[in-house]
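Work through these exercises with the model open beside you. Try each task before you read its solution.

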Amino acid sequence: MEKSLDQDKTHHNKDEIKKKSSVTTGAIVRYVVLTVVAFFMLYPILWLIGSSFKENNSQIFTSISFIPTSLDFTPYIEGWMTNTEYTFTTYFINTFKIVIPRIVFVTISSAITAYGFSRFDFPGKKILFGLLISTLFLPGVVTQVPMYLLWSKLGFLDTYVPLVAATLFAQNTFYVFMLIQFMRAIPLDLDEVALIDGCGPIKRFYYVILPLVRPSLIAIALFEFMGAIGDFMGPLIYISSVDKYPISLALKMAVDTTSSSANWNQILAMSIVSLLPSLIVFFSAQKYFIEGISTSGMKG
């Protein structure tokens with residue numbers, strides 16, 4: 001009897017060891033596969049970083065290796081100084097003159113518009129909402145010519161007004177639609193309680209709705225930040241003075257030089273520097289960003 005019990009325990013222990021070993025082997029295989037896939041996905045960034053430290057174009061374009069022979073920060077220093085009378089400091093300041101107002105205005109206007117559609121009934125609401133959604137299917141290029149003619153007639157060419165003014169009117173339908181869905185998920189009981197406490201529509205919006213949709217507002221701010229800081233077509237159409245260029249046009253201006261004299265290590269170095277604000281903002285607000293696109297307006 002005791003021998004049979006010992007044999008059962010031995011078999012049981014062997015089975016557990018086999019299960020653990022199979023789980024460990026599977027985990028190792030998964031991590032190896034994920035590491036290889038991640039390497040190939042990150043290789044362009046690694047190549048960009050490594051090439052920015054290389055001395056000349058021949059070293060950059062004759063080898064697929066991303067490991068530089070030495071860490072030379074000269075391309076970063078000379079690239080920041082640029083070949084114009086302005087440094088990249090000017091271009092970064094110009095960029096944030098566009099980005100910060102766009103974030104503030106688009107967040108506020110989208111929240112107010114979504115609040116009206118989600119919490120109030122008014123004549124023609126369904127028709128207006130249908131028109132709002134239909135603009136999602138309208139290509140942005142269709143409106144570029146009439147908008148250019150409008151701002152030209154108003155005398156706002158070569159200014160930042162055309163790049164910022166549209167955000168005052170919740171022109172990004174996707175943001176509005178996303179906020180409407182979040183706000184519709186908030187129970188109307190909260191509005192009724194706030195109404196009993198004497199809160200009008202503005203107070204309900206500020207004290208009840210906004211705190212509950214904060215993650216989605218942060219997600220919208222992140223989307224707008226990344227879109228605005230990387231916007232190339234808008235500044236290219238409306239901005240003509242070099243001293244008003246954002247970093248997107250400054251990088252293009254550096255690439256436009258002749259191929260024989262283009263300092264690609266400096267261009268790549270400034271490309272990395274231009275990516276840093278987006279990376280810093282994204283990883284700083286990553287928690288709220290994920291929460292904003294995965295929750296449904298209510299917490300807990």
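**Exercise 1. Describe how helix α4 packs against α11: the handedness, the distance and angle between the axes, and the residues in contact.**

Solution. 
- Step 1: Handedness. α4 passes α11 in a right-handed crossing. Keep in mind that this is a predicted model.
- Step 2: Geometry. Two packed helices are described by the angle between their axes and the distance between the axes. Here the axes of α4 and α11 come within 9 Å and cross at roughly 145°.
- Step 3: Residues. On the α4 side, the contact uses Thr95, Phe96, Val99, Arg102, Ile103, Val106, Thr107 and Ala111. On the α11 side, Leu217, Ile220, Ala221, Glu224, Phe225, Ala228 and Ile229 take part.
- Step 4: Classes. Sorted by class, the contact of α4 with α11 has 11 nonpolar, 2 polar and 2 charged residues.

**Exercise 2. Now take α4 and α14: at roughly what angle do their axes cross, and which residues make the contact?**

Solution. 
- Step 1: Locate the helices. α4 covers residues 88-119, and α14 covers residues 264-284.
- Step 2: Geometry. Their axes come within 12 Å and cross at roughly 35°. The crossing of α4 with α14 is right-handed.
- Step 3: Residues. α4 brings Phe88, Phe92 and Phe96. α14 answers with Met270, Val273, Ser274 and Pro277.
- Step 4: Classes. The contact of α4 with α14 counts 6 nonpolar residues, 1 polar residue and no charged residues.

**Exercise 3. Which parts of the chain are tied together by the salt bridge between arginine 102 and aspartate 231?**

Solution. 
- Step 1: Distance. The closest N and O atoms of arginine 102 and aspartate 231 are 3.6 Å apart. The cut-off for a salt bridge is 4 Å, so this pair qualifies.
- Step 2: Location. Arginine 102 lies in helix α4, and aspartate 231 lies in the loop between α11 and α12 (233-238), so the bridge ties together parts that are 129 residues apart in sequence.
- Step 3: Burial. Arginine 102 has a relative accessible area of 12%. Buried means under 20%, so arginine 102 is buried. Aspartate 231, at 22%, is partly exposed.
- Step 4: Network. Salt bridges with shared partners join Arg102, Glu224 and Asp231 into one network.

**Exercise 4. Take two further salt bridges, arginine 119 with aspartate 191 and aspartate 158 with lysine 244: how far apart are their N and O atoms?**

Solution. 
- Step 1: First pair. The N to O distance between arginine 119 and aspartate 191 is 2.8 Å. Arginine 119 is in helix α4 and aspartate 191 in helix α9 (residues 188-196), 72 residues apart. Both arginine 119 and aspartate 191 are buried.
- Step 2: Second pair. For aspartate 158 and lysine 244, the closest N and O atoms are 3.9 Å apart. Aspartate 158 sits in the loop between α6 (144-154) and α7, and lysine 244 in the loop between α12 and α13, 86 residues apart.
- Step 3: Burial of the second pair. Aspartate 158 is buried, at 16% relative accessible area. Lysine 244 is partly exposed, at 27%.

**Exercise 5. Is phenylalanine 120 buried or partly exposed, and what does it touch?**

Solution. 
- Step 1: Location. Phenylalanine 120 lies in the loop between α4 and α5 (125-134).
- Step 2: Contacts. Not counting residues up to four places away in sequence, phenylalanine 120 touches Tyr115, Lys125, Pro201 and Arg204.

Terms used
Residues are numbered from 1 along each chain as its sequence is written. This is a predicted model: local features need pLDDT of at least 70, side-chain atom pairs count only at pLDDT 80 or more; totals for chains, interfaces and linings use all residues. Side-chain values use heavy atoms; hydrogens and water are left out. Axes are lines fitted to C-alpha atoms, for helices over the stretch in contact, and angles run from 0 to 180 degrees between N-to-C directions. Helices (H or I, at least four residues) and strands (E, at least two) are DSSP runs, numbered from the N terminus. A crossing is left-handed if the near helix is turned anticlockwise from the far one by less than a right angle, and right-handed if clockwise. Contact means heavy atoms within 4.5 Å. Ala, Val, Leu, Ile, Met, Phe, Trp, Tyr, Cys and Pro count as nonpolar, Asp, Glu, Lys and Arg as charged, and the others, Gly among them, as polar. A salt bridge is a side-chain nitrogen of Lys or Arg within 4 Å of a carboxyl oxygen of Asp or Glu. Buried means under 20% relative accessible area, exposed over 50%, partly exposed in between (1.4 Å probe, protein chains only).
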